[in-house]
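Here is a short briefing on one protein model. Look over the sequence and the 3D view before reading the points below.

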Amino acid sequence: MQLYKYLIPLSFFSLPAILHAQRVADEPMTLEKIWLITDTANRQLKLADLEKAESAMDVRISRDKLLPQLAVAGDLAIRTNMPIYTKGLLSKPDIIPISRLGYRFGYNLDFNLYNGGKDRRYIEIKKKEALRQENENALRRNNLRYTVATAYYNLYKFLQFRSFLSNEIATEKKQLATIESFYRNGIVLKSDVLRSEVKISQLELTLSDVEKSIMVARQRLNMLMGRGDEELLTITPPEILESAAPLLYADYGDYVAIALNRSPDYKLSMDNLKISELNIQQIKAELLPRVSFFSNYLLTYPQTSFYPYSNDPWGFTQAGIKVALSLDSFYKNRHLSAKAMLINRQEAEKVRIKRDEITMDIREAYLRYEQALESVKTATAQIKQHTESVRVIRSSYLNQESLLTDLLDAESALLEANFNLVAAEVDVRLDYIGLLVKTGIL
């Protein structure tokens, strides 16, 4: 009986030592409650919130560029006398005495009036980057919710497996007592006793593996919720089929249409496309003049800016409009502009690729969900069939009309059918949640 195919691969986790309860168990948690805890306590989402705050700060910083540039400066210096070469550099200069101590103090103001809209476009780029960060966080949150749901339903599945195995072991032990009684009375051979004991040993070994998987699933959920690894965790058994069906929409095309409006993954592609378009406009703005208002004032002592010099304090003020045009941009920006156009074309192509990927992913998720519902129906029918087979063969064996191997095989088939039903029910719910994640509804 191949029961191990239902177990989560344990190679990705390091199994802790046997857990010792340190506190009273928490009340059972639903998936929705675990989601709420994860949204606020998960370390990945906390990091995402910090990144979002950083993006919001970048927007504020970009707005600061609209403010005028204002600087004040001053200095205090020791000066030498000033030689004036009135008769040439090779002649003896005239020495103009000036104050040994000098100082300067003033301000400089520059306020941008026009630069091709670069500053305001830079703010718009930062806003788009902040929006992209929000969509990245939403995508991370949705994917994390699916990961949490997977861990939650795996835990539920293993708990159901444990219940099935425990009941099966109890039933087999009662059956073993009957077989041992038959053996003592000479009705059956010793081999029947040994076969029954071997089956119980195999069931107990499988139960041990399931117990380890339950420990790993609980640890995984605790870590996703930002809790300690050894904290006790119990879950509320979900009403899987009732909560999963029916679908919100009858056709997968409806989900595709919703995804193109709500999917964070698709929005990310659109954000990158819009940012690339703004970058093209930024590069083109380099070819436009920059117009600014300026004003400056300088108080100096002594007066050495104009001849004749004097040892009196002197102030000088300027104000006006300044125009600058970068001529080198006309030949330097050609390649930058060409590169920006290529990036824009790449992002446009990525949007089309993402649209195709989302359409295909939703189609597959929709079909998987329908297939999972069919698997539930099939597994339910198999349980009815195997239950009747076990009843008939057990009665036949007790009347010594069939072999023990037939009974053990029928019991194993029934147990595996129960496993199949639980696994199919879990697949229904996970495929449903996966469909909601892909469309951005979750």
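Helices (H or I, at least four residues) and strands (E, at least two) are DSSP runs, numbered from the N terminus. This is a predicted model, in which local features need pLDDT of at least 70 and side-chain atom pairs count only at pLDDT 80 or more, while totals for chains, interfaces and linings use all residues. Residues are numbered from 1 along each chain as its sequence is written, and side-chain values use heavy atoms, with hydrogens and water left out.

**Confidence**

- pLDDT is the predictor's confidence in each residue, from 0 to 100. The protein averages 82, and 91% of the residues score at least 70.
- Helix H7 (residues 264–285) has the highest confidence, at a mean of 91. Helix H5 (residues 240–244) has the lowest, at 50.
- Over residues 1–25, pLDDT stays under 50. The model still has 46 contacts for this stretch beyond four places in sequence. A contact means heavy atoms within 4.5 Å.
- Where pLDDT is low, the predicted coordinates should not be read in detail.

**The sheet**

- An open sheet is formed by 4 strands, in the order E1-E4-E5-E6, with antiparallel pairing. Two strands pair if DSSP finds at least two bridges between them.
- Strand E1 (69–78) and E6 are the edge strands, as each pairs on one side only.
- Neighbouring strands of this sheet are turned by 15 degrees against each other on average, direction ignored. The axes are lines fitted to C-alpha atoms, for helices over the stretch in contact, and angles run from 0 to 180 degrees between N-to-C directions.
- E1 is joined to strand E4 (residues 101–114) by 10 bridges. Ile 78 stands opposite Leu 101 in E4.
- E4 is joined to E5 by 11 bridges. Asn 108 has Asn 296 in E5 as its bridge partner.
- E5 is joined to E6 by 11 bridges. Here Val 291 stands opposite Val 323 in E6.

**A cis peptide bond**

- Which form does the peptide bond from Tyr 301 to Pro 302 take, cis or trans? It is cis, with omega near -5 degrees.
- Pro 302 lies in the loop between strand E5 (290–301) and strand E6 (314–324).
- Most residues other than glycine have a negative phi, and most peptide bonds are trans.

**Helix H8**

- Helix H8 (residues 329–398) has 70 residues. From its first C-alpha to its last it reaches 97 Å, close to the 104 Å expected at 1.5 Å a residue. The expected span is 1.5 Å times one less than the number of residues.
- H8 has a kink of about 30 degrees, centred on His 335. The bend at a residue is the angle between axes fitted to the seven residues ending there and the seven starting there.
- Just after H8, Gln 400 takes a positive phi of about 60 degrees.

**Helix H9**

- The 36 residues of helix H9 (residues 404–439) should span 52 Å at 1.5 Å a residue. The end C-alpha atoms of H9 are 53 Å apart, which agrees.
- In H9, 29 of the 36 residues are buried, so the helix is largely enclosed by the rest of the structure. Buried means under 20% relative accessible area, exposed over 50%, and partly exposed in between (1.4 Å probe, protein chains only).
- Val 422 is in helix H9. Val 422 counts as buried because its relative accessibility is 3%.
- Beyond four places in sequence, Val 422 touches Tyr 156, Lys 157, Gln 160, Phe 161 and Phe 164.
- Gly 440 follows H9 and has a positive phi, near 85 degrees.
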